[in-house]
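Thanks, everyone. Let's take a quick walk through some helices. Please have a look at the structure first.

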Amino acid sequence: MNNPSMRARYIADAVTTASPGKLLVMLYDRLVLDLVKAEEALGAGDRQAASAQLQHAQDIVIELRTTLRTDVWDGAAGLAELYGFLLTQLIQANVRGDAAQVASCRSMVEPLRDAWRTAVLEAGAVGVAARVA
């Protein structure tokens with residue numbers, strides 16, 4: 001897709017039509033991408049680009065934390081604490097220009113993303129099986 005407006009429309013449509021679980025995985029995917037790009041930018045000495053990526057990553061973590069339903073799941077409080085810790089680490093990494101700290105954050109986020117992706121896929125498989133049965 002070389003046309004930027006077509007790409008933007010495709011992305012907007014994908015977000016609009018995605019299930020809540022798929023949206024969660026999309027947020028995590030983007031968070032990981034932001035962290036990878038921030039690490040690369042810091043490695044290249046481009047603090048400005050790294051800062052933009054880290055600020056976007058912070059926005060995602062804030063969104064994840066504010067939309068977390070702590071009244072629905074017993075583990076939500078612990079996840080909220082992890083999001084708070086991650087946010088602090090991202091801010092510090094941005095202030096310090098610390099690629100290792102960004103990598104540490106990514107190492108916390110990737111297993112969460114993978115776990116949510118698996119959960120969403122399994123929930124979808126269960127839903128399809130229930131509709132077929």
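One term before we start. A crossing of two helices is called left-handed if the near helix is turned anticlockwise from the far one by less than a right angle, and right-handed if clockwise. Keep in mind that this is a predicted model.

Now the first pair. Helix α2 covers residues 20–43, and helix α3 covers residues 47–67. How do they pack? Their axes come within 8 Å and cross at roughly 155 degrees. Angles over 145 count as roughly antiparallel, so α2 is roughly antiparallel to α3. And the handedness? α2 passes α3 in a left-handed crossing.

Who meets whom? From α2, the contact includes L24, L27, Y28 and L31. From α3, it includes A50, L54, A57 and V61. Charged residues take part too: among them are R30 and D34 in α2, and R47 and E63 in α3. In total, the contact divides into 15 nonpolar, two polar and five charged residues.

On to helix α4, residues 76–96. It has 21 residues. From first C-alpha to last it reaches 30 Å, close to the 30 Å expected. Its buried residues include A76, L79, Y83, L86 and L90. Just after α4, G97 takes a positive phi of about 65 degrees.

Let's zoom in on L87, which sits in α4. Is L87 buried or exposed? Its relative accessible area is 12%. Buried means under 20%, so L87 is buried. What does L87 touch, leaving out residues up to four places away in sequence? Q58, V61, I62 and R65. L87 and D59 are 28 residues apart in sequence, yet 9.0 Å apart in space, C-alpha to C-alpha.

Definitions and conventions:
Residues are numbered from 1 along each chain as its sequence is written. This is a predicted model: local features need pLDDT of at least 70, side-chain atom pairs count only at pLDDT 80 or more; totals for chains, interfaces and linings use all residues. Side-chain values use heavy atoms; hydrogens and water are left out. Helices (H or I, at least four residues) and strands (E, at least two) are DSSP runs, numbered from the N terminus. The expected span of a helix is 1.5 Å times one less than its number of residues. Buried means under 20% relative accessible area, exposed over 50%, partly exposed in between (1.4 Å probe, protein chains only). Axes are lines fitted to C-alpha atoms, for helices over the stretch in contact, and angles run from 0 to 180 degrees between N-to-C directions. Angles under 35 degrees count as roughly parallel, over 145 as roughly antiparallel, 65 to 115 as roughly perpendicular and the rest as oblique. Contact means heavy atoms within 4.5 Å.
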